[in-house]
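Hello,

Here is the structure I promised to pass on. Please open it and keep it beside you while you read.

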Amino acid sequence: MGEYNEKKETCGTICLKYLLFTFNFFFWLAGLAVMAVGVWTLIQKSDYISLLPSSTYAATAYILVIAGAIVMITGILGCCATFKERKSLLKVYFILLLCIFLLEVLAGILAYIYYQQLNDELKQSLKDTMTTKYKQPGEEKVTSAVDKLQQEFKCCGSNNSRDWADSVWIKSPDANSRAVPDSCCKTVTPGCGGRYHPSNIYLVEGGCITKLESFIRSHLLIIGAVGIGIAFVQLFGMIFTCCLYKSLKSEPY
């Protein structure tokens, strides 16, 4: 009877080992995906970060990059801990899983909070950013972001094209009597911002603020969903780890 119980326990342990190994393989792939989403947000969409008044959007992306890198390392550690059957390694693995879980939940919560307050934040700051920093010394990132925003989303000004009447640059001699920046033009040519006409300028009510808000919101949803989704999957990994830990004999000293 004792021999049967020992064999049954061994079979259970083997099943847990393979379950945890399979989990770690997909967990490693998930870590790669999480890191890719974070890097993609920071590299491909970083132009618009300079137009946002707070760093929450960038912070959520950085958290995903860090969490993804730790996930990939943890996945390898998990495989080693599983097949070597070392309880000490399983402890470290479980602690790392817990840390990653908390990081990804944090990214999801930050994305949700910022999603809720984004509209008010943009209303308060985007016009000021565009009119006071555009084409000003040391504000090259903002200038580039504004030009890209207006061309990519076919818009002009924060709320509408009339916002540019308050621009520091438009009022200066450097603007050469332009009414709006050249990036407001449907076909960009040097000095085209001087001809203020619907056939030439994107005179769209609602301006760029609605376009930028929609863009950022869609990416916050992706970041939040990835963070919370992977965190949920990790719960299974922590459960498998605890079960395997309990099924193993104590390590000899």
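Below are my notes on confidence, salt bridges and one asparagine.

This is a predicted model, so start with confidence. The mean pLDDT of the protein chain is 80, and 90% of its residues reach 70 or more. Helix H5 scores highest, with a mean of 94, while helix H1 (residues 2–44) scores lowest, at 69. Be careful with residues 1–9, where the pLDDT is below 50. Where pLDDT is low, the coordinates should not be read in detail.

Next, the salt bridges. There are four by the rule used here. Lys127, Asp163 and Asp166 are linked in a network. Lys127 meets Asp163 at 3.8 Å, N to O. That pair joins helix H3 (residues 87–133) to the loop between H4 and H5, across 36 residues of sequence. Lys127 also meets Asp166, at 3.1 Å. Those two are 39 residues apart. Asp163 is buried, at 8% relative accessibility. Lys127 is partly exposed, at 27%, and Asp166 is partly exposed too, at 41%.

Last, look at Asn160, in the loop between H4 (140–152) and H5 (168–171). Is Asn160 buried or exposed? Its relative accessible area is 11%, under the 20% cut-off, so Asn160 counts as buried. Its side chain reaches the backbone nitrogen of Arg162 at 3.0 Å. Beyond its neighbours within four places in sequence, Asn160 is in contact with Val204, Glu205 and Gly207.

Best wishes

Notes:
Residues numbered from 1 in each chain as written. Heavy atoms only, no water. Helix = DSSP H or I, 4+ residues; strand = E, 2+ residues; numbered from the N terminus. Buried < 20%, exposed > 50% of the residue type's maximum accessible area, 1.4 Å probe, protein only. Polar contact = N/O pair within 3.5 Å; in protein donor to acceptor, adjacent residues only side chain to side chain. Contact = heavy atoms within 4.5 Å. pLDDT = per-residue confidence, 0-100. Salt bridge = Lys/Arg side-chain N within 4 Å of Asp/Glu carboxyl O.
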